[in-house]
Amino acid sequence: MAEMVYCENLVKIYKTRETEVVALQGLDLSIEQGELMAIIGNSGSGKSTLLNMIGGLDRPSAGTLLVDGKDLLKFSERDYVRYKRDTVGFVWQNNARNLIPYMTAMENVQLPMVLVNSKQRAQRARELLELVGLSQRRNSRLSQMSGGEQQRVAIAISLANSPKLVLADEPTGSVDTRTADIVLDLLRDVNRQLGVTIMIVTHDLSLSRKVDRIVAIRDGRTSSEFLRKRSYIEEIRDVATYAHEAGDDSHVELAVVDGTGRLQIPHEYLDEMGVKGKAKLRVEMQDGKVVIYKPQDDDVEGMRGGAIVP
Ligand SMILES: Nc1ncnc2c1ncn2[C@@H]1O[C@H](COP(=O)(O)OP(=O)(O)OP(=O)(O)O)[C@@H](O)[C@H]1O
Ligand SMILES: [Mg+2]
């Protein structure tokens with residue numbers, strides 16, 4: 001399958017007069033065409049920065065960033081304008097960034113469609129509002145809609161120009177859990193029906209159980225990946241046993257090794273091994289497995305209590 005997003009050694013440094021913040025420190029990531037995936041990570045780990053780079057809202061400082069085969073580091077200002085209009089669609093946590101409250105759903109959805117005539121615009125807006133389940137509310141003003149309905153309008157808007165990639169930054173951040181579920185189900189339907197690639201940024205590992213792949217970022221770097229063990233269909237058929245959270249049962253965790261062989265070991269493992277801060281750990285190859293030993297005073301005794309990294 002073709003790649004929709006390819007980042008290699010991506011770096012973003014925010015410079016102010018006094019300080020420099022390295023928000024992305026050589027991040028590697030690739031996303032296939034048609035994938036529905038989530039980026040998770042703590043506050044400040046660089047999730048929004050990554051999305052802003054991929055969405056063409058800001059420029060990377062260094063590295064490689066290809067989207068749909070286009071090299072964003074070589075873009076002119078004009079390329080960026082065209083790219084933001086034609087290739088990507090955005091859904092934000094904060095509705096004020098997506099929507100104009102005193103306009104109706106129909107009017108809002110037509111706003112981004114600057115290149116088509118009014119008849120086509122209205123037709124497409126009707127189709128999109130039907131897709132998100134809001135045909136009945138299409139002439140309501142946004143200010144008269146619930147938070148969940150507004151997020152559905154926001155999804156319709158993000159699709160207005162038939163983007164190849166939809167970027168959603170905490171799309172469920174300001175709605176309750178039930179509404180969040182509906183919004184995520186809708187993103188999944190859109191992904192399945194239209195084949196559009198979708199990247200969702202969230203803090204919440206439990207919300208990300210609806211996606212096929214979760215990539216965790218830590219300190220501006222990809223740290224681990226979780227791949228769905230069973231298909232989503234299998235999982236919803238199996239509702240009786242569907243009581244688990246993502247990250248334990250539904251996904252397998254993969255640690256990511258970058259091009260130079262650096263690996264981030266999950267924090268839980270380090271805690272269990274009693275490793276705090278920088279440490280030197282003994283590493284050995286055993287029957288095709290890499291074994292990392294718990295630090296011990298006596299190095300020979302260190303053979304006991306090793307942790308195995310899959
Ligand atoms: N415009 C900016 N100028 C300076 N520093 C910035 C800017 N934007 C982000 N940063 C810094 O870059 C780092 C990554 O921020 P980012 O917003 O990408 O994190 P995040 O993972 O999206 O966090 P959250 O979950 O809180 O939204 C943080 O240390 C942040 O303070
Ligand atoms: Mg953010």
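This is a predicted model: local features need pLDDT of at least 70, side-chain atom pairs count only at pLDDT 80 or more; totals for chains, interfaces and linings use all residues.
Helix α5 spans residues 118-131 and contains 14 residues. From its first C-alpha to its last, α5 reaches 20 Å, close to the 20 Å expected at 1.5 Å a residue. Three residues of α5 are buried, namely A125, L128 and L129. These residues lie on the same side of α5 because the arc they cover around the axis is only 95°. An α-helix has 3.6 residues a turn, so residues three or four places apart point the same way. The other side of α5 carries the exposed residues K119, Q120 and Q123. The cover over the buried residues of α5 includes α4 (105-110) and α6.

With 18 residues, α7 reaches 25 Å from its first C-alpha to its last, close to the 26 Å expected at 1.5 Å a residue. Its buried residues are A180, V183, L184, L187, V190 and N191. They are placed on the same side of α7 because they cover an arc of only 115° around the axis. Exposed residues occur on the other side of α7, where R178, D185, R192 and Q193 are found. Among the elements covering the buried residues of α7 are the strands β3 (36-40), β7 (165-169) and β8 (197-202), together with helix α6 (147-158). After α7 comes G195, with a positive phi near 75°.

Q193 counts as exposed because its C-beta atom has 9 others within 10 Å, where exposure requires 12 or fewer. The C-alpha atom of Q193 is separated by 9.5 Å from that of L131, although the two residues are 62 residues apart along the chain. L131 is the residue at which α5 (residues 118-131) ends.

The strands include an open sheet. Its four members follow the order β2-β1-β4-β5, with antiparallel pairing. At the edges are β2 (20-32) and β5 (70-71), each of which pairs on one side only. Strand β4, formed by residues 62-67, runs antiparallel to β5 and is joined to β5 by two bridges. In this pairing, V67 of β4 stands opposite K70 of β5.

Considered as a whole, the protein chain has nine helices and 14 strands. Its length is 310 residues, of which 33% count as buried. Among contacts in the protein chain with a separation of 6 or more, residues 24 or more positions apart account for 66%.

How values were computed: Residues are numbered from 1 along each chain as its sequence is written. Chains are lettered from A and ligands numbered from 1 in the order in which they are written. Two strands pair if DSSP finds at least two bridges between them. A residue is buried if 20 or more other C-beta atoms lie within 10 Å of its own, exposed if 12 or fewer, and partly exposed in between; C-beta atoms are placed from the backbone. The expected span of a helix is 1.5 Å times one less than its number of residues. The arc is that of the directions from the helix axis to the C-beta atoms. Two residues are in contact if their C-beta atoms, placed from the backbone, lie within 7 Å.
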